Amino acid sequence: MRSFKAEGIVIKRSNYSEADRIVTIFTKQNGKIKVKAAGVRRIASKRSPHIEPLNYCIFGLYQGKGMPVLTEVESRESFPLLKKDLHRIGFAYHVCELIDGLCAENQENPEVFMLLGRTLRKLSKEENLQTVIYEFELELLRLLGFHTQSDSTKKVDTQSLIESILERSLKTKQMLHQLS
């Protein structure tokens with residue numbers, strides 16, 4: 001099967017060559033995948049607005065010899081309330097950094113996909129963003145097998161635990177302290 005569809009959320013993007021982008025998508029069916037989006041940096045590209053970070057889309061992909069190539073995309077949810085607020089989007093980028101760092105490529109994990117979508121919706125609506133992030137971090141660590149909830153009364157330092165797993169500092173850590 002060379003052509004396939006994937007339902008996913010854009011968690012990262014980077015420029016590639018003159019008019020292309022490499023887009024990291026967390027999908028329901030395939031987990032985290034990197035996709036080449038050819039020509040999307042051109043002014044006339046109709047796919048460009050759909051592959052912005054935090055967009056939930058249906059992607060049409062073609063699997064060639066290398067990474068999959070984006071052929072079509074349809075937005076389902078773009079989280080406009082989240083993107084209008086600097087505090088909220090800062091927390092959303094933190095969520096994306098954790099998904100990108102902790103999840104392996106091409107490993108299906110529908111529970112993490114559902115957690116990501118639920119968390120982005122909560123970040124759009126709820127007021128206590130610190131609690132939303134802490135609950136997300138704990139649940140993500142549990143789903144990936146890095147933490148068990150043996151003692152629910154004890155507060156876990158999730159950021160230190162995540163940094164020890166990643167063996168590097170979180171890029172969004174300093175920003176989170178400024179947003180608090």
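I'll start with the inside of this chain. In this predicted model, the largest nonpolar core has 31 residues. F26, I99, L116, L120, L123 and L140 are the ones with the most contacts inside that core.

Where do those residues come from? At least two each are supplied by β1 (3-16), α2 (86-102), α3 (110-125), α4 (129-143) and α5 (158-166). The biggest contribution is from α2, which gives eight residues.

Now the overall layout. The chain has six helices and five strands. In sequence order, the pattern is β-β-β-β-β-α-α-α-α-α-α. Among contacts between residues at least 6 apart in sequence, 56% join residues at least 24 apart.

On dimensions: a compact globule of 180 residues would have a radius of gyration near 16 Å, and the chain has 17 Å, so the two agree. Along the principal axes, the C-alpha atoms fill a box of roughly 50 × 35 × 25 Å. Of the 180 residues, 47% count as buried.

Last, the surface and the charges. The accessible surface is about 10000 Å², and carbon and sulfur atoms account for 49% of that. There are 28 positive and 22 negative side chains, with the centres of the two sets 6 Å apart.

How values were computed
Residues numbered from 1 in each chain as written. Predicted model: local features only at pLDDT ≥ 70, side-chain atom pairs only at ≥ 80, totals over all residues. Heavy atoms only, no water. Core = buried A, V, L, I, M, F, W, Y, C linked by side-chain atoms within 4.5 Å. Buried < 20%, exposed > 50% of the residue type's maximum accessible area, 1.4 Å probe, protein only. Helix = DSSP H or I, 4+ residues; strand = E, 2+ residues; numbered from the N terminus. Rg over C-alpha atoms; globule rule 2.2 N^0.38 Å. Contact = heavy atoms within 4.5 Å. Areas by Shrake-Rupley, 256 points an atom, 1.4 Å probe, with all protein chains shown as cover. Lys, Arg positive; Asp, Glu negative; His and termini not counted. Charge placed at Lys NZ, Arg CZ, Asp CG, Glu CD.
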